[in-house]
Amino acid sequence: MTAISVNETDSDTTGGTTHYRTVFLSDIHLGTRGCQAALLLDFIRSMECDTLYLVGDIIDGWKMKSGWYWPQSHNDVVQKVLRMARKGVSVIYIPGNHDDRVRDFCGVHFGGVIVARDAIFETATGLRFLVTHGDEFDGVINHAKWLAFLGDWAYRALLSLNTSWNLIRHRMGFGYWSLSAFVKVKVKNALQFIENFEAAVADEARRRGVDGVICGHIHKAEMRRIGDILYINDGDWVESCTALVEHEDGRLELIDWASRSGLRSTGRANTAPNTAQDKMSSTATEAAPA
Ligand SMILES: [Mn+2]
């Protein structure tokens, strides 16, 4: 399906909010302690868009089976998204593996939100992208479910450590910095895993005859060419706190919200340009099955 708004809204920042044609968010993991809901709310409040893609792992059903964690900020995220849908934003929800129960509702509209297994997105300049969460291209998840769960446990242990770490940093007046992302950058296997994943997703885009692919799942924001395919991963809101945005002119950009707000909270002037390329060189690596 294609979901494109034809609103010709000005792309300038007005009244403190930035207008985007399209915004892509994934791997929010609402219902887990690792979810950086406050930073996400900060980003959502800063922008307006015509179309919002939720690219999977929005609510974490795996975690919810083993215990309930649902603070007000997580509720606020859901309310904000539903409010956007009510106000006319086209919201497309593509479930991931952590919210795979939502896949039973593909084709269903609820509260202005459309659920779809995947989607074809077309930019203002006519580039076509396959939008998918990406877990079906993750060999670990597909071929050894128990390994995926073990990885999931180890991953969560690291994430909860990351949350405490950042709480301490916050109290000491430092900005957000991902401990778990840093640790995993050091893991060699992670790099091979990511490379395989990216290649598999790009292959699928090629098979479908589109120009590129937009996915999530591995919690590593990226925008690069793989052969003839433009591979874009919008990252996550557990560690890197990144979103993909499409400007009015069709330009795609990865927003690294953690470093933007980090710079703000330490009072230093943010003079760095937010181009996808220079953001990506500093983005951390994610290893575990996401
Ligand atoms: Mn996932």
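Helices (H or I, at least four residues) and strands (E, at least two) are DSSP runs, numbered from the N terminus.

Welcome to this predicted model, where local features need pLDDT of at least 70, side-chain atom pairs count only at pLDDT 80 or more, and totals for chains, interfaces and linings use all residues. Residues are numbered from 1 along each chain as its sequence is written.

The protein has 9 helices and 13 strands. Of its 290 residues, 41% are buried, meaning that 20 or more other C-beta atoms, placed from the backbone, lie within 10 Å of the residue's own.

Let us look at one pair of helices.

| Helix | Residues | Residues that meet the partner |
|---|---|---|
| H1 | residues 37-46 | Ala37, Ala38, Leu40, Leu41, Ile44 |
| H3 | residues 72-86 | Ser73, His74, Asp76, Val77, Lys80 |

H1 and H3 pack at about 30°, with their axes 9 Å apart; axes are lines fitted to C-alpha atoms over the stretch in contact, and angles run from 0 to 180 degrees between N-to-C directions. The two helices are therefore roughly parallel to each other. Their contact (C-beta atoms within 7 Å) involves 6 nonpolar, 2 polar and 2 charged residues.

Within H1, the buried residues are Ala37, Leu40, Phe43 and Ile44. Viewed down the axis of H1, these buried residues fall within an arc of 120°, so they line one face of the helix. The arc is taken over directions from the helix axis to the C-beta atoms.

Note on methods
Angles under 35 degrees count as roughly parallel, over 145 as roughly antiparallel, 65 to 115 as roughly perpendicular and the rest as oblique. Two residues are in contact if their C-beta atoms, placed from the backbone, lie within 7 Å. Ala, Val, Leu, Ile, Met, Phe, Trp, Tyr, Cys and Pro count as nonpolar, Asp, Glu, Lys and Arg as charged, and the others, Gly among them, as polar. A residue is buried if 20 or more other C-beta atoms lie within 10 Å of its own, exposed if 12 or fewer, and partly exposed in between; C-beta atoms are placed from the backbone.
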